[in-house]
Every structure is written in structure tokens, then in C-alpha cells.
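User: I have a new structure open and would like a walk through it. Can we start with how the helices sit against the sheet?

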Amino acid sequence: MGDATGTVSPEALDALAQLQEGNARYVASASTLRITDADRRNAVEGQNPIAVILGCSDSRVPTEVVFDQGVGELFVIRVAGNIVQPSQIGSVEFAAQNFGTRLVVVLGHTLCGAIDATINELTRPAGNASRNLASIVSRIAPSVQPLIREYEDRDTLVHEAVRANVRYSADALRHGSDIIESLVQDHGLLIVGAEYSLETGIVDFFDGLPEA
């Protein structure tokens, strides 16, 4: 569990329940996601997202579909490896301050290519990655490096590294700015980590959950 200080807001708990229920519908092939012309027109009036999702850019993880949520219901930030940089922190601040969103989910996924690339770079560096790709690897590396000596099996290493990177990113958000720390402490913002299974479609919320 990551550290989650302060009292979690009812809005955060309700949003978490909605995401869990939506994912259960998705897994059961019982999605209710039907976007109508009225939905599109209503979105022009503004947005009130129930959660911020910081997820990986992987095309196999369609965020709104995975959680069975419609237009205006999720504030989605996507970047390879679900890493945290100033732009992601600023985006979380923006949603929480302007829309009152009280749940942030860092969403990793199984078989993550960014994790695989980071492991390759740490174990047998090629030295020919672009500066921009190297910046992604450098953000993931601190969470992966300690695991390389611990897990010899590649599949196990990737699995553990995905989760370690989610925890690392969630902690980076929790302590990424005075604004976010204040939102957590004084306004009930909840930041949790989760992993989406490409194999089953299930989202496992495993980091930062409040005590039952």
C-alpha cells in the first residue's frame, strides 16, 4: 500500500466503486457504454469527471471502455509507461482544482512495452535510443532496477516491474506538488494504483486503497 494521508472524501470512494463496477461490466461483456448525440451535445456545456486516470499509451488499454464510462466521465492522461513528469502533475492539479475530481488512478498494464524496453536497457544497453525515449526509460528505471537482481525469470520480472512502476508513479503524484499534497490532506483526494490485465480485462486496484 502507498501512503494515503488525510480523510478520503466520499466522492473519491464513490468514484472508485463506479470504476470497479464499470470494469466488472466490461469483463462480463455487459457494457452499458452507448454514446449518443445528446451525450456529445451535453459535453459542450462542461465536464465533471469522476476520476483522473494516468495510464499508459498502449492502444490495447482503451481507458473509457475498460471502465465502461462515457463522455465527460473520465479525465484521461496517457503517456508511455504511465510515468510522472511535470505536465502530468499539472494535469492532475488542473482536474482536481477546476472540476473537484477526488480520485486519481495510476493505471499500468500487463506486458507493458515501456517496462520491457527499460529492462532491456538496464540489462543490455544498446545506447542508440533517442533522447526522448531515453527520458521515458529514465523515469521507469528507478522502480525496475532493484528487481533485476531479485527475479531471474523474465515473465516474473516484467510482472513485478509493472506493479513497482505503478507504485512509483502513484507516490510521485502524491508528493509531486504542494497543491496535490494539500488536496490529499485537506480535501480527501485519493490516489491509487491499479493494473489492467490484457489477458482477462480485469483491473486490479492494489496500491493506496483506504483501509476497509
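Analyst: Helix H4 (residues 86-99) lies across E1, E2 and E3 and runs at about 175° to E2. Axes are lines fitted to C-alpha atoms, for helices over the stretch in contact, and angles run from 0 to 180 degrees between N-to-C directions. Helices (H or I, at least four residues) and strands (E, at least two) are DSSP runs, numbered from the N terminus. This is a predicted model, where local features need pLDDT of at least 70, side-chain atom pairs count only at pLDDT 80 or more, and totals for chains, interfaces and linings use all residues. Residues are numbered from 1 along each chain as its sequence is written, and side-chain values use heavy atoms, with hydrogens and water left out.

User: What order do the strands of the open sheet have?

Analyst: The order is E2-E1-E3-E4-E5, five strands with mixed pairing. Two strands pair if DSSP finds at least two bridges between them. E2 and E5 stand at the edges with a single partner strand each, so one side of each has no neighbour in the sheet. From one strand to the next, the twist averages 30°.

User: How many bridges join E1 to E2?

Analyst: Five, and the two strands run parallel. Glycine 55 has arginine 78 in E2 as its bridge partner.

User: And which strands does H1 touch?

Analyst: H1 packs on the sheet and touches E1, E2, E3, E4 and E5, with its direction at about 35° to that of E3. Contact means heavy atoms within 4.5 Å.

User: Which residues of H1 are buried?

Analyst: Ala12, Ala15, Leu16, Leu19, Gly22 and Asn23 are buried in H1. Buried means under 20% relative accessible area, exposed over 50%, and partly exposed in between (1.4 Å probe, protein chains only). Seen down the axis of H1, the buried residues fall within an arc of 130°, so they line one face of the helix. The arc is that of the directions from the helix axis to the C-beta atoms.

User: Why would one face come out like that?

Analyst: An α-helix has 3.6 residues a turn, so residues three or four places apart point the same way.

User: What covers the buried residues of H1?

Analyst: The cover includes strands E1 (51-55), E2 (74-78), E3 (103-109), E4 (190-196) and E5 (203-207), along with helix H3 (63-67). After H1 comes serine 29, with a positive phi near 55°.

User: Back to the other end of the sheet. How do E4 and E5 pair?

Analyst: They pair in the antiparallel sense over four bridges. Glutamate 195 has aspartate 204 in E5 as its bridge partner. The two strands form a hairpin with six residues between them, and glycine 201 in the turn has a positive phi of about 85°. Four of the five residues of E5 are buried.

User: New topic: where is serine 177 found?

Analyst: Serine 177 is in the loop between helix H7 (154-174) and helix H8 (178-187).

User: Buried or exposed, that serine 177?

Analyst: Serine 177 is buried, with a relative accessible area of 14%. Not counting residues up to four places away in sequence, serine 177 touches Ile89 and Glu93.

User: What joins the side chains of serine 177 and glutamate 93?

Analyst: A polar contact of 2.6 Å joins them. Such a contact is a pair of N or O atoms within 3.5 Å; within protein, one must be able to donate a hydrogen and the other to accept it, and residues adjacent in sequence count only if both atoms are side-chain atoms. A polar atom of the serine 177 side chain also lies 3.0 Å from the backbone nitrogen of isoleucine 180.
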